[in-house]
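This report goes through one structure, topic by topic. The sequence and the coordinates are shown first.

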Amino acid sequence: LFCFDAGQKVLWQKSLAHGPLAGPPVARRPGELLLLYQDGTLVRVSADTGDELAAKSVGEPLGRAAGVVGQQVLIGTSDGAVIVTDLP
């Protein structure tokens, strides 16, 4: 995973510790991103450094769609269901 600034300079680079992503990172709040991995893992990362802040598994393969509402996240699974869970 790479993070670039507006001038196309690489700010940070991290390996995908939980395998392939299910979709693009989701902006959580200023300074945080939510990563959805295909294996069912949700990870909050720092947008400034890419460091992992918290992680949890939802136990199902994830699809590409997610939305954050307060302290919960709605996630589409690979089979079309929707999971509602607390943020990691």
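L74 is partly exposed, with a relative accessibility of 36%. In this predicted model, L74 belongs to strand β8. Leaving aside residues up to four places away in sequence, L74 is in contact with A65, A66, G67, V69, V82, I83 and V84.

L74 and T85 are 11 residues apart along the chain. The distance between the C-alpha atoms of L74 and T85 is 6.7 Å.

## The sheet that contains β8

Strand β8 is part of an open sheet of 3 strands, whose order is β7-β8-β9 and whose pairing is antiparallel. The edges of this sheet are taken by β7 (62–69) and β9 (82–86). Each of these two has a single partner strand, so one side of each is left without a neighbour in the sheet. On average, neighbouring strands of the sheet are turned by 25° against each other, with direction ignored.

The pairing of β7 with β8 (residues 72–77) is antiparallel and runs over 5 bridges. Across this pairing, V69 stands opposite Q72, a residue of β8.

## An aromatic pair

How many aromatic pairs does the structure hold? The count is 1. The pair is made by F2 and F4, whose ring centres are 6.1 Å apart. Their planes meet at 25°, so the pair counts as stacked; the cut-off for stacking is under 30 degrees.

## Glutamine 8

Q8 lies in the loop between β1 (2–4) and β2 (10–13). Its backbone has a positive phi of about 70°, although Q8 is not a glycine.

Is Q8 buried or exposed? Its relative accessible area is 63%. Exposed means over 50%, so Q8 counts as exposed.

## Confidence of the model

The average pLDDT of the chain is 91, and 100% of the residues score at least 70. Where in the chain is confidence lowest, and where is it highest? The lowest confidence is in strand β3 (residues 26–29), with a mean of 85. The highest is in strand β6 (residues 52–57), at 95.

Terms used
Residues are numbered from 1 along each chain as its sequence is written. This is a predicted model: local features need pLDDT of at least 70, side-chain atom pairs count only at pLDDT 80 or more; totals for chains, interfaces and linings use all residues. Side-chain values use heavy atoms; hydrogens and water are left out. Two strands pair if DSSP finds at least two bridges between them. Helices (H or I, at least four residues) and strands (E, at least two) are DSSP runs, numbered from the N terminus. Axes are lines fitted to C-alpha atoms, for helices over the stretch in contact, and angles run from 0 to 180 degrees between N-to-C directions. pLDDT is the predictor's confidence in each residue, from 0 to 100. Buried means under 20% relative accessible area, exposed over 50%, partly exposed in between (1.4 Å probe, protein chains only). Rings of Phe, Tyr and Trp (its six-membered ring) pair if their centres lie within 6.5 Å; planes under 30 degrees apart count as stacked, over 60 as edge-to-face and the rest as tilted. Contact means heavy atoms within 4.5 Å.
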